[in-house]
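Please examine the sequence and the structure shown below. The paragraphs that follow consider its salt bridges and then the surroundings of its ligand.

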Amino acid sequence: MIPVIVLTGYLGAGKTSLLNGLLTRPGTRVGVIINDIGKINVDTGLITGQIDAAESIAGGCVCCLPDSGGLDELLEKLAQPKLRLDAIIVEASGAADPINVDRLLRYGNAPGVRPGGIIDVIDAVQHEHTVDTAAMAPARFGAASLVVVNKLDMIAEDAREATFARISDRVRQANPKVSIVPASHAAIDPDLVFDIALNEDPADELPLAAVSRAEHDHTHAPHAHAVTVPCPEPADPGAVLDLLENPPANAYRLKGHVKIRTGTGVQRYLINMVGWQPHLQLATPGSDPAKDALVAVGVELDEQQVGDVLRAALEPSNAEPSSQDLIRLERRLILSSRVADEESVRS
Ligand SMILES: Nc1nc2c(ncn2[C@@H]2O[C@H](COP(=O)(O)OP(=O)(O)OP(=O)(O)O)[C@@H](O)[C@H]2O)c(=O)[nH]1
């Protein structure tokens, strides 16, 4: 399933800049949906990286669509196997409310896609005059999976750290567990957001990867780190679900194939968790059980601690799983296969 990553942020916060940064890393085939309200046109050159497929939602804000119909249609188009996309990025308009965008994605029905996180971009200079002006922290942060505090280059050097800390505190009032990264020119490490599939240019793509990789290495964006823990033997479903419900600090993503003991024997699953939103499906056909492993990706990961937490969750288990944990597993699979069913599962 293709992850759908949504960029939100107040007008001028740096969404297009962030998108451009993500697109400078060929190796991953990326589709883009622009919510232009007639303003941005993919052809104007504002988007400078390599896009493998593009669509646009014009004439209105994505979050004000009467239902997810419009967005679902575009996602379905981009999810066609012939496009071979690895990720779809939706740049919402500056007017879009992340809460509504989150609702659209959760209750959408586009086949072949899964949530890939909502990245909310904050303009560190204007934030407290535009978005965060009331006593309560803005509710919009509750829907974000990653918050990028941008334009820190425009803050005096001696005030930068304090500004980042102040804004982070406000964000955490609405969303205590969200990942927050500092940025200038909206530069974040693309590895944090999606998998960089290759370190070399694919034969049929523009041979730009080497150049842009070199550029990327000079952006000074905080680097994403990965911690990998192999899963050669079946683990207990309860332990794995506990991990997904309470992932280690700063682990923005968890992904990988794992073996889990179920009521009917051992089953292999593909796990994809982004910003505390877990997605579970049966293992990808053709994937090699000998390479099963779980990978945590994040900025400023405590590698030892994260490794210990993952190892504990993946501890080989010979015990029969409890019926309660099997129900939890089933429920998680249903929620992942059709997020729109969440309400019916709850009731
Ligand atoms: N100095 C500085 N300028 C920035 C930074 N990020 C973005 N900009 C500039 O701010 C302006 C707005 O950036 P965009 O990336 O277009 O912002 P946006 O959120 O896509 O804007 P809208 O689509 O109009 O809502 C552009 O001129 C960018 O070059 C930054 O971190 N530092």
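A salt bridge joins the side chains of Arg328 and Glu245, with N and O 3.1 Å apart; the term denotes a side-chain nitrogen of Lys or Arg within 4 Å of a carboxyl oxygen of Asp or Glu. Because Arg328 belongs to helix α10 and Glu245 to helix α8, this pair ties together parts that are 83 residues apart in sequence. Helices here are DSSP runs (H or I, at least four residues), as strands are (E, at least two), and both are numbered from the N terminus. Glu245 is partly exposed, at 45% relative accessibility; on this scale buried means under 20% relative accessible area, exposed over 50%, and partly exposed in between, with a 1.4 Å probe and protein chains only.

The model is predicted: local features need pLDDT of at least 70, side-chain atom pairs count only at pLDDT 80 or more, and totals for chains, interfaces and linings use all residues. Residues are numbered from 1 along each chain as its sequence is written, and side-chain values use heavy atoms, with hydrogens and water left out.

Arg328 also forms a salt bridge with Asp242, where the closest N and O atoms are 2.8 Å apart. This pair links helix α10 (residues 323-337), which holds Arg328, to helix α8 (residues 237-245), which holds Asp242, across 86 residues. Arg328 is partly exposed at a relative accessible area of 22%, and Asp242 is partly exposed at 43%. Through shared partners, salt bridges join Asp242, Glu245, Asp325 and Arg328 into one network.

Across the whole structure, twelve salt bridges are found. One of them is between the side chains of Lys255 and Asp195, at 2.8 Å from N to O. Lys255 lies in strand β9 (residues 253-262) and Asp195 in the loop between α6 (190-193) and α7 (209-216), 60 residues apart. Lys255 counts as buried at 19% relative accessibility, whereas Asp195 is partly exposed at 35%.

What surrounds the ligand? Its shell has 18 residues, the closest being Lys15, Thr16, Ser17, Asp153 and His185; a residue is included if one of its heavy atoms lies within 4 Å. Helix α1 (residues 15-22) gives the most to this shell, with three residues. An N or O atom in the side chain of Lys15 is 2.7 Å from an oxygen atom of the ligand. A backbone N or O atom of Lys151 lies 3.2 Å from a ligand oxygen. The protein covers 70% of the 650 Å² of accessible area that the ligand has on its own, as computed by the Shrake-Rupley method with a 1.4 Å probe.

Conventions
Polar contact = N/O pair within 3.5 Å; in protein donor to acceptor, adjacent residues only side chain to side chain.
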